[in-house]
Amino acid sequence: MRVTGAARLVLLAVLAFAFVAVVSATVARADPPTMDGGSDPQVVLLADIRSDFNVMETGSTLPMRVVVVDQHGVPVQGARVEVSAPGATLTPSAGATDADGVFRFRLTTVGNGVTRSTTVVATVTLPGAATGSDRFDLTITKAPPLQILPPQEAVSVGVGALVAAAVLSTEFGRYGVFKAFVFPLYSRLKKEEVLDHFVRGQIYGYIVSHPGEHYNSMRQDLKVTNGTLSHHLRTLEMMGFIKSRREGVFKRFYPIEMSVPQDRGVKLSDLQLQILDMVRSGSGPTQTDIAGRLDVTQQTVSYNIRTLSREGAIRMEKDGRNTRYYPPAA
């Protein structure tokens, strides 16, 4: 009986040791390194659907593209892009981005010729990265009907067409007609339509009241998607309402009538100034500390910390598993 009891005690001790080892290994695997532990934060994919037109005729084909960058604006190669649009055929409907972060496809409309709208949706995925998406609204119009004229009107139109063809056959004639009739009408109509879009008007008003603000700050304040903001900024700049200027890692936007400041200093956003105030206190806050104090996500803090570090505004020091931030050394 003594041998049997001793054997049982040994067996129980072995089982207890094994149980503790298994639990310890499980806890270790369940405790991944935090963002402050020095590992890079998750890559965030930003998709931007682009096209030279947002209106097309039924039955026609429109070349389009999806531009994919990460949260720092760097093109992402090899990301998988899937596109779809109700009532349209997309070729190809899926594929990978090239070295410039671009996926190209062609959209062909189908239907009964009734004017309607559709939305192109792009979803971007990459292993280990946060999924990105974008939407692009497209208007599909029916082709103008072919009108049959009475014989007398047809003759008049035919003579007029011959005269117009003779004028337009010369370079001077083509340029003169376009400059005198077509371009003023086109320019006036387009400029009147540019600010009709509610979101576009919001963006323009924001730039007028916040001249020199940069892209990411506008996107956060206006709460619009990357693709929407990029599309409307491009339209406003193309039609002469705003202008842009790159300063280091920032791209800043100004009303067209405003003189762009010539100073070479980098203008920081309000959030970045708040982060600098915390860092300059000398307490060595971590990204978690900053996110909690300023009530923003840790991902937002990580992006702005990288920007400030690139500009030499802060320095980082390892403290065990944490990374702390301090003012630059004198």
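Biologist: Which element gives the largest share of the lining of the second largest pocket?

Modeller: That is helix H6, with five residues. Keep in mind that this is a predicted model. The elements that give two or more residues to this lining are strand S2 (46–50), strand S4 (61–69), helix H5 (215–222), helix H6 (226–238), strand S14 (250–255) and helix H9 (298–310).

Biologist: What is the volume of this second largest pocket, and how many residues line it?

Modeller: The volume is about 760 Å³, and 27 residues form the lining. To find the pocket on screen, look for Gly73, Tyr215, Asn226, Arg246 and Lys251, which lie nearest its centre.

Biologist: How do the lining residues divide into nonpolar, polar and charged?

Modeller: The lining of the second largest pocket has 10 nonpolar residues, eight polar ones and nine charged ones.

Biologist: Let's turn to H5. Which of its residues are buried?

Modeller: In H5 the buried residues are Tyr215, Asn216, Ser217, Met218 and Leu222. Tyr215 also belongs to the group nearest the centre of the second largest pocket.

Biologist: Where does Ile203 lie, and which residues is it in contact with, leaving aside its neighbours within four places in sequence?

Modeller: Ile203 lies in helix H4. Its contacts beyond those neighbours are Leu222, Leu229, His232, Leu233 and Leu236. Take Leu222, one of the buried residues of H5: along the chain it is 19 residues from Ile203, and the two C-alpha atoms are separated by 7.6 Å.

Biologist: Why does Ile203 count as buried?

Modeller: Buried means under 20% relative accessible area. Ile203 is at 0%, so it counts as buried.

Biologist: How many aromatic pairs does the count come to?

Modeller: The count comes to two. A pair of aromatic rings is described by two things, the distance of the centres and the angle of the planes. In the pair of Phe103 and Phe105, the centres are 6.0 Å apart with 20° between the planes, and the pair is stacked. Both Phe103 and Phe105 are buried. Tyr204 and Phe241 form an edge-to-face pair, with 5.6 Å centre to centre and 80° between the planes.

Biologist: Which parts does the pair of Tyr204 and Phe241 tie together?

Modeller: Tyr204 sits in helix H4 (residues 198–209), while Phe241 is in the loop between H6 and strand S13 (242–247), so the pair ties together parts 37 residues apart in sequence. Phe241 has a relative accessible area of 13% and is buried.

Biologist: Now for a polar example. Which side chain does a polar contact join to that of Thr119?

Modeller: The side chain of Asp137, at 3.0 Å. Thr119 is found in strand S9 (residues 116–125). With a relative accessibility of 18%, Thr119 counts as buried. Apart from its neighbours within four places in sequence, Thr119 is in contact with Ser84, Ala85, Pro86, Arg135, Phe136 and Asp137.

Biologist: To step back, what does the secondary structure of the protein chain come to?

Modeller: The chain has nine helices and 16 strands. Of its 330 residues, 32% are buried.

Biologist: And what share of the contacts with a separation of 6 or more comes from residues 24 or more positions apart?

Modeller: Such residues account for 55% of those contacts in the protein chain.

Notes:
Residues numbered from 1 in each chain as written. Predicted model: local features only at pLDDT ≥ 70, side-chain atom pairs only at ≥ 80, totals over all residues. Heavy atoms only, no water. 1 Å grid on protein atoms, 1.4 Å probe; cavity = no way out; pocket = protein on both sides within 12 Å on 5 of 7 lines; lining within 4 Å. Points joined across faces, edges and corners; volume = space filled by probe spheres on them. Nonpolar A, V, L, I, M, F, W, Y, C, P; charged D, E, K, R; others polar. Buried < 20%, exposed > 50% of the residue type's maximum accessible area, 1.4 Å probe, protein only. Phe/Tyr/Trp six-rings, centres within 6.5 Å; stacked < 30°, edge-to-face > 60°. Polar contact = N/O pair within 3.5 Å; in protein donor to acceptor, adjacent residues only side chain to side chain. Contact = heavy atoms within 4.5 Å.
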